[in-house]
Amino acid sequence: MIVDRRTYIDRLNRSRGNGLIKIITGLRRSGKSFLLKKLFRQDLLNGGIKDDHIIIIDMESRKNKSFKDPEYLLDWIDGKMVDDYTYYIIIDEVQEVEHFVEVLSTLAVTENTDVYVTGSNSRFLSTDVVTEFRGRGDEIHVWPLSFKEFMSVYEGTKEEGWAEYLMYGGLPQLLTQNGDDKKADFLRNLYRTVYLRDIYERNHIDLKPEFEELSQTLASSVGAPVNALNIANTFKSTNKVLNISDKTVSIYLDFMQDAFLIEKSERYNIKGRKYIGTLYKYYYQDIGLRNAILSFRQIEPTHLMENVIYNEMRMRGWQVDVGNIFHRIRNSEGKQQRTTLEIDFVCNKGSERIYIQSAWKMPDEAKMEQEKRSLRLISDSFKKIVIVGEHTKSWNDESGIQTLSIYDFLLDNTFTEKE
């Protein structure tokens, strides 16, 4: 079953021949390798590129162990280039190559090459390579399947697909698993045998029970503001693991971000136009993995929908923060009191901005007003949206606040495009 990931193919094509190393990052098993080695390769062939001008090296294959030697790799590529036409060089999991930064620097200045590499660890790629290249690296992040991509091959109604997606997420290999038990087992095993093992080995973690407790604590906190200190404090209330410091928690959170398991969303003071660096929200790049970490015991659709909306906006290229807006009200005693309201997401892309509230249900006028209250306090003219987890026609109220269903939002990109 092949999912058309046209969005990423278009991004790759826009980057062709730009003189930069195309760095394809993302969570393991999110489809990076298939994207480059199958979909992009076929797109190149369809566009008239000859097969022998597409050089693919899979560093996860034991047959290619010799390519870990940088000199051997560079000499082998050089031997494949026999004319002056462009050669498309694709290296999968490039961090397995010794001194891979030097290898890529060499390929970047080699004539007639257009280089594409994948990797599953942001410390290896986003930090080292992009910084090292100082503007010579072009990073393209690949996410698990969006709901729209998922529905393009799902055999069922969108309501059934949404329930499936909310439970098991969008890792492409799930499409080959038949039955709920197989899907749940696949995700649980994948988390333990791939993601945890990678993090442990890469970062030499000895406190494995503590790390797993942290992972479960964080998975339980999707949609809630947290920081390293208050997470560390939760360890003091359990006898299952050792107490660990907030510094260690912070380091472990970085490891999870480096593996692309989670992303951190900062809190932004909308009126003060500044970041509030005390509490953050963490979202999982795949909600199926989040559910598997908790053995599918805490399936709260309110928080999971919020996570899906965050991921969707990030896939569409937006920077996503959590918004706070402060204002004063009179309490029951008639005194002025400062209160804080939250806007779930403040999304920025260049000069554009969108404010989004996620509301699983809005059963009555009171709930509707509660969700819109913080949006009404924002004085600028940027788009303001309330997304509900049920069917509704898209409509705008007298304040210009748009209400739409989660289905329309996820299946139609135009709702977040500039009018």
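This is a predicted model: local features need pLDDT of at least 70, side-chain atom pairs count only at pLDDT 80 or more; totals for chains, interfaces and linings use all residues.
Residues are numbered from 1 along each chain as its sequence is written, and side-chain values use heavy atoms, with hydrogens and water left out. Local features need pLDDT of at least 70 and side-chain atom pairs count only at pLDDT 80 or more, while totals for chains, interfaces and linings use all residues.

The axes of helix α10 (residues 228–235) and helix α11 (residues 246–258) come within 8 Å and cross at roughly 110°. Helices here are DSSP runs of H or I with at least four residues, numbered from the N terminus. That angle makes α10 roughly perpendicular to α11, a term for angles of 65 to 115 degrees. On the α10 side, the contact (heavy atoms within 4.5 Å) is made by A228, L229, I231, A232 and F235; α11 supplies D246, V249, S250 and L253. These residues divide into seven nonpolar, one polar and one charged.

Helix α13 (residues 301–315) has 15 residues and spans 21 Å from its first C-alpha to its last, close to the 21 Å expected at 1.5 Å a residue; the expected span is 1.5 Å times one less than the number of residues. Of the 15 residues of α13, 11 are buried, meaning under 20% relative accessible area with a 1.4 Å probe. Among them are L304, M305, V308 and I309, and also E306 and E312. Just after α13, G317 takes a positive phi of about 95°.

D78 lies in helix α3 (residues 70–80). D78 is exposed (over 50%), with a relative accessible area of 53%. D78 and D10 are 68 residues apart in sequence and 28 Å apart in space, C-alpha to C-alpha.

Note on methods
Axes are lines fitted to C-alpha atoms, for helices over the stretch in contact, and angles run from 0 to 180 degrees between N-to-C directions. Helices (H or I, at least four residues) and strands (E, at least two) are DSSP runs, numbered from the N terminus. Angles under 35 degrees count as roughly parallel, over 145 as roughly antiparallel, 65 to 115 as roughly perpendicular and the rest as oblique. Ala, Val, Leu, Ile, Met, Phe, Trp, Tyr, Cys and Pro count as nonpolar, Asp, Glu, Lys and Arg as charged, and the others, Gly among them, as polar.
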